Each structure stands twice: as structure tokens, then as C-alpha cells.
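Here are my notes on the model, point by point. Please read them with the structure open.

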Amino acid sequence: MSGPSIDRSSNRPLVGRWIQIPSMSQEHVHIPVMPEEVVSLLGGRDDEETPSGLLVDATLGAGGHSALLLERLPRLRVFGTDQDPEILDIARRRLGPFQDRATLEHCRMTELARRMRKLRLEAPIGFLMDVGVSSLQLDQADRGFSFMSDGPLDMRMDPERDRTAADIINRWDEGDLADLFYFEGGESRSRRIAAAIVEARRRIPFKRTGVLADVIARAVGGRGKTHPATKTFQALRRAVNEEGDELQAGLEAAETVLADGGVLVVISFHSGEDGVVKRFLADRAKAGAWEVLTRRPLKPTPQEARTNPRSRSACLRAARRVRTGEQPVTNQDSASSADQNTGAFGSDATGRHGKSRLEGENR
Ligand SMILES: C[S@@+](CC[C@H](N)C(=O)[O-])C[C@H]1O[C@@H](n2cnc3c(N)ncnc32)[C@H](O)[C@@H]1O
């Protein structure tokens, strides 16, 4: 597979056909983001036969992108992984019609290269990461991701993780909480919010999202266009799920396993995450390991942003793996750097490694 075609004038992939989204039941309410771009980038050039081989969907979710890829590219097989077993069950039902073309596993990106090696999978020709949280997770109050509906203060995508959002809120000291909200959520009122949380938890520990959202709203006052707890909740979710480390591990896993000429597509929803992807690809391209296919990130069209408002902040970057005489290590014994990247959140467990776009603002 030598890669997709990009329209250099618009920096968008050339899409030959309009993509049909496979029919969705009520259960499948997560609409895949930038579907045409994803299929086009992973689907080979317009002038080629459809590609044949394995594709890794490292953030399978409800299987929206994978269903589309399997439907549109009949010679493709998918190895789909997600760290959330509940969502994986939805994907299993959705991808059932594709039978032996889809292999699904519960797996975090930090474990992915090792898992693929253990299963002795072939080197994939495509690798998709659509990072962050699914609408299905956000909309389920009992998962604790939402400030809009009350639920337990949990936020773990993988229930096997030890630490919940309540653990962080009730145990971290005030300075670390403020740093977390500032660096991982871009929350400029982080100190005020951290002080209010520490004051409130002296009386009674936090257990519910609703109480936390109220304390934050009272600390910073008012309601503009977005709820005052939005950035604090985002920062907490990123910490609970170690999203910074997981993204880095996913990029390294892609570099480890992709076949020569294989294509990586990453969709992120946070300017800090997009910066990590951009820097990773730029640095590794200098070393000759990647050819970057998207000079600037692709964004949803205005029409997609209108019909799927959750796509609005999406940024898509893609690159082609270049191997100059090296072999993919999927079937080898040595541990990859991605395997070893299982440390705690950031460099010091407070998110100081991940400076946000708002760094430098007065807080
Ligand atoms: C935005 S959704 C993906 C939606 C999917 N592309 C679709 O079209 O249905 C992100 C998914 O990635 C999963 N996820 C996030 N971080 C992960 C990680 N580090 N390892 C494995 N899965 C992860 C989440 O549980 C969630 O289901």
C-alpha cells in the first residue's frame, strides 16, 4: 500500500466516493468523526486496487470507523482494541456481521505493541487512533464523566485502573490540583477552584459529579456559553486515564508495528494532544521514520461540524511509515519503548509535563 492521495491545494485527502455510514441502531449514538477523510487516508490511492491487509483501530469505541472501513474496503481485516470493556461489547455487536474480518480485544494503547507481538499478528498497513472520550461514555451518567448529569465521581474508561476521579479530588494537595486543572484543562481559574475543593472536602469527601460541579460553579460564578466545570472535568478525566502517556504510547506502538508504507491516522480533540502528535511526527520524520501526509491538521467540514457538533474541535493528522531496511518488531521478542511507557501520569503525577495552550495566562 503506497498511501492515500492528498489534494495539495486544500491539504485534504481526495475522496472518490461519498461514504455511506453503516446503519446504526439507537445503541450506536457515537457518530464517527471525519469518516470520509479516514477511509480515504487508510484506503490507498484512488488509482489502486483496494488495499489488502490488517488495520489496527487502537481506539475502537463503538466501532463506527471500523465498520465503515470494513464495509468500504472488502479486503481489509481489523484488529480493534479499546480499554473500555462496556464499549467493546457494543463494538462486538456492531461488527458481528463482519465475522472473522474483525478481531477485538480489551487493551490499552500502552499494552498494544506487546499484545500484537503475543498474538503474532502481521505488520498492519494502517493504524487509527481517535483519542479521547466517546459520546457513549459521556452520556452515561453512572460512568461519572459528566457535569451535566449527576453520577459517581469515577471517570475511568478502564475499570481495571486503580485511581478514580474521587481519589484525585479527595487526596491530592491543593497545589497539585491547581496545576492539574491549569496544565491539563487549560483552566485559568485553577487556584480558586482547587481552594474551593479543598475547603469543601474538609466537611465531607466528594463522591458525586453533581456536587463537584456545584462547588466549581460557586467558586468561579456565572455561566457563560460553557459550564464553568468543563475544563476541570476534562483535566480530571485526562489524569484518571493517563491520557498523555497513553497518546505517546500509541504513537510509539504505531511506529513499532506498522509495515513499510503503512499509514497512521490520529484524530485528537485537544490542542495539547494535537501538539504532541505534530511534534512526534515532525521529530520522527526528520529521522526518516515517517513521511507526513498532512502539512496542517485536517478539520471537519462546516457541514460535518453542523451535523455532528462533537466533531468541531477535531484535528486529524496522518503520516506514512518509512522503513529503510528495518523490520517491524511485531513478532520479535524485544520489548518496545511503548511497552515500557507505563509510568504514572506525566513526569511528576501533576501534569507539569503537558503545558496547555493557555500557559502564561494569569491565574
Ligand atoms: C472517540 S472514541 C472512538 C470512537 C470510534 N472511532 C468510533 O467511530 O466509534 C475513543 C475511544 O477510545 C478509547 N480509548 C481512549 N484512550 C484509550 C487508550 N489509551 N487505550 C485504549 N482505548 C482508549 C475510549 O474508551 C473510547 O471508546
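1. Start with Leu42. Not counting residues up to four places away in sequence, Leu42 touches Leu55, Leu69, Gly126, Leu128, Val263 and Val265. Touching here is contact: C-beta atoms, placed from the backbone, within 7 Å.

2. Some ground rules. The model is predicted; local features need pLDDT of at least 70, side-chain atom pairs count only at pLDDT 80 or more, and totals for chains, interfaces and linings use all residues. Numbering runs from 1 along each chain as its sequence is written.

3. Which residues touch the most other members of the largest nonpolar core? They are Leu42, Leu55, Leu128, Leu264 and Val265, in a core of 60 residues. Helix H11 (residues 243-257) gives this core the most, 6 residues. Apart from it lies another core of 29 residues, including Val133, Leu153, Ile197 and Ala213. A nonpolar core is a set of buried Ala, Val, Leu, Ile, Met, Phe, Trp, Tyr and Cys residues joined through C-beta atoms within 7 Å. Buried means 20 or more other C-beta atoms within 10 Å of the residue's own; exposed means 12 or fewer, partly exposed lies in between, and C-beta atoms are placed from the backbone.

4. H11 is mostly covered, with 15 of its 15 residues buried. Its length checks out: at 1.5 Å a residue, the 15 residues should span 21 Å, and the end C-alpha atoms are 21 Å apart, which agrees. The expected span is 1.5 Å times one less than the number of residues.

5. Now H2. Gly64, His65, Ser66, Ala67, Leu69 and Leu70 of H2 are buried. Their cover includes helix H1 (35-42), strand S3 (53-57), S4, helix H3 (85-95), strand S5 (102-106) and strand S6 (126-130). Helices (H or I, at least four residues) and strands (E, at least two) are DSSP runs, numbered from the N terminus.

6. The ligand has 21 residues around it; Pro32, Thr59, Gly61, Gly64 and Glu246 come nearest. A residue counts as near if its C-beta atom, placed from the backbone, lies within 6 Å. Helix H2 (64-72) and strand S4 (76-82) each supply at least two residues of this shell.

7. Overall, the protein has 14 helices and 9 strands. Buried residues make up 49% of its 363 residues.

8. A caution on confidence. The average pLDDT (the predictor's confidence in each residue, from 0 to 100) is 84, and 79% of the residues score at least 70. Over residues 1-28 the pLDDT is below 50. Residues 331-363 are also below 50. Where pLDDT is low, the predicted coordinates should not be read in detail.

Key: Contact = placed C-beta atoms within 7 Å.
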